[in-house]
Amino acid sequence: MNVILYLLAASLVLGGGGLVFFLWSLRSGQYEDLEGSANRILFDHEDR
Amino acid sequence: MSVEVAFDDDSPSPRGRGLGGGGSARTGSGGSWLPPADPSPQPPPTRGGGVFQPQTQQPPQPATCAHCGLPAPSGRRFCCPGCAAAFETIQGLGLGRYYQQRLLDPALRPPRPETAERWDLSRSIDAKPDGTCELSLAIDGLQCGACVWLIESVLAHESAVLTGRVNMTSRRLKLIWRGTAEDAGGLVARIEGLGYRLVPFDASALAAAQDSTGRALVRALAVAGFAAGNVMLISIGIWAGEAAGWLDSMGPATRDLLHWFSALIALPAIAYAGMPFFRSAFAALRHARTNMDVPISVGVILVTSLSLVENIAGARHTYYDSATTLLFFLLIGRVLDHRARGQARATAEQLLTLRGADVAVLRADGSTERRAQQAVQPGDRILVAPGERVGADGVVERGASSLDASLVTGESLPVSAGPGTAVFAGTVNLGGPLTVRATATGGATLLAECVRLIDAAEARRSRFVVLADRVARRYAPAVHLTALLTFLGWYFGAGAPLEPSLLTACAVLIITCPCALALAVPAVQVIATSRLFRTGVLLKSATALERLAGVDTVVFDKTGTLTEPVLTLRRDGVDSGSLRVAASLAANSRHPLARSLAAAAGRVAPAESVTEHPGQGISLGDTRLGSRSFCACAGLPEAKGPELWLVRPGHDPVRFTFDEALRQDAAETISALRAMGLSVRLLSGDHAAAVAPVAAELGIRDWRGGASPVEKVAAVEALAAAGHRVLMVGDGLNDGPCLAAAHVSASPATAADVSQTVADVVFQGALLAPVADLLRTARLARRVMRQNLALSIGYNVLAVPFAVAGYVTPWLAAAAMSGSSLLVISNSFRARGGGRR
């Protein structure tokens, strides 16, 4: 049953990574304008 | 910039394909909005672009503007120079695709550029030391994603702009550019030229918009979700191992390891994600009160500490999963609740921001300066243009005009103003330009008086205790008592050892942990609030829904609430020919009377090359539309109320009179309210003579006119003292105190700023139906809330005997808790069904 140690560690790291990414996306304002984001994908934006 | 305009047809061109191709357009020199000499008409382009041309061509339509789609003078591509300029800008930048992308929602028309108020931008600009400036603006006129695309694309063509990003949810534009604060005017004018209105946000409103509470809640939710998922995953492993005979039994060492891993995840997560509840519970306890967060906090903390004790002892059961899942579910409710109300409040704020306007202050040298309303000092001389709102209380120094004071005093008919007349902030100047000297802004002004009354009324209003907290007050002691009795019963009654007795008592607390109970009310709140939001009703207060449900009396203000906020044309005695001519002239003016005249005539193309004489009227050759003196009709019979005259060569002068019209569905709404068993009253500051016909038409027997703000408050408080729960619906400054005094209050979005701020609910649109809809939704919501509470209490009554008897295992607790929560949430969705929308 030693494999369970690796599995638990792996699941914690993966889950924790997801949590960190979510907190990062929250902090960088990706949830500020959900309506706008939904519309934006329909239009071409010229890169500058 | 030399641009060519593609002249394809006179059909609603934005729908046509021919306009699309980037920048293949031409205009006459100098941005003329006249057509070129050789408009070569082409057949209207077809959608499919195929060979087949349908024989049934579009019937000849009145010419429509290529930009905004409103009627245009025949032979013209545009209805006004503003639209022509906007079209030219868009085509010139190669953004013609805008007109096709708009087709996402064909019912909406591009906004029509109008000469907008000028703003003092400097106070809102944040100039950074690195040479960049930042400015946040509220946008009016955003319709769909294409508008966002257009604004951002236009800004992207400005080389100085570093960031120009529209937030479609909050309808705000964030501008960062390299340069000085003075460049802002040009950038803003660029967007305003497209037909959008931009209003700067002041710094305090911006800070409020950051919404740090909301973010903290979402962070807590994320942490709780992470913990709940992982702990549950481990718990399922443990439970599977527990099921002897189904799998190989799990050894105690493995079980302990898994428990420790659960603890590692759960303990920090609970400490972090539980903070919103712990804080609120602590605050309540400190004030010797109790709310729903108290049993939640007690439950979570007890369950966690019990699990830790058991874990250290190497026992079989821990309840980390229950604690984290409970927090996760509750936080979902909190986040949704916060978001639904935050959205409503932000929208209400946006409405107010867009409505305000700067004040033109006359400098000593005769020049004018735009200043924020708050920055006006007593003694300043203010210029009030026709159609503009008076920015401060004051005394007229020069000029003669009439003022629409309906928002301030409730009087529907304009009052005349001349030198020496006292004017109030919020009144609208209907006639000529006025110079007003601002008077002392101290306690003497009407606004200050109203604010004082509002404060007094709010202080008197008894603190409303929400349903959930009322339940919590009885629930918490009952639960804690049951747990205590369980312990005493096992320990002394049954003579069990100390530890199992304590464990059983804790199991009672876990099973009664008020998950479903805590979700019972917020879930309904969220669903009802969102439903109302979609119909344009903004619920600003958290307790408004519950207070609304208890209402038994509705008191309406008259002017602007039961009646339309603008005066409407009286139709009798006006022939349609004169009306059309008058409307074509009036369409060029922003004067309120001209606007209602133009609106009354429906779709009429505006006349070209008219001259507007400020404060007097509009002329086109010998045809004149305007005041009595402007049209030289002084000798003709006088009439009560505001009027416009039309004189044309070869015709008798025509008089247009205006009066207030009831909101289209006022009668219907009043009878709907009566059908709901509510008593309806009318309380107005207008003269009794003006109130009586409205009351008679609507069949309201309890009415009163000529009430001052103080008398209005007294009337509402008298009703409250008689045991009635009053919903006050009003819009005027004079209604503000009364709105604050009522059990619950609502304002139309056209209401005075003060009233809108005070009101619990703001409804948008021209109809009164939202009031009835609001009450219907509130009653339904209350019914569903009560069902939810009954469901979750019923569940507890069923489950508690098992817990008392000591039969509860962790998986049973988790399953029961999730089951009851799901049941309550599904039931809450029934709150969406109210009304007939």
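Let me start with B:His651, which in this predicted model counts as partly exposed because 13 C-beta neighbours lie inside 10 Å of it, and a residue is called exposed at 12 or fewer such neighbours and buried at 20 or more. As for where B:His651 sits, you will find it in the loop between β21 (643-647) and β22 (654-659) of chain B. If you then look for B:Arg782, which is 131 residues away from B:His651 in sequence, the C-alpha to C-alpha separation of the two comes to 63 Å.

Stepping back to the chain as a whole, chain B has 837 residues, of which 47% count as buried, and its secondary structure is made up of 26 helices and 27 strands. When we take the contacts in chain B with a separation of 6 or more, 68% of them are accounted for by residues 24 or more positions apart.

Now to the contact between the chains, to which chain A gives 19 residues and chain B gives 21 residues. Which elements of chain B each supply at least two residues of the side that touches chain A? They are α3 (145-156), β3 (161-167), α6 (212-242) and α7 (252-273), and among these it is α6(B) that provides the largest share, with eight residues.

Terms used:
Residues numbered from 1 in each chain as written. Chains lettered and ligands numbered in written order. Predicted model: local features only at pLDDT ≥ 70, side-chain atom pairs only at ≥ 80, totals over all residues. Contact = placed C-beta atoms within 7 Å. Helix = DSSP H or I, 4+ residues; strand = E, 2+ residues; numbered from the N terminus.
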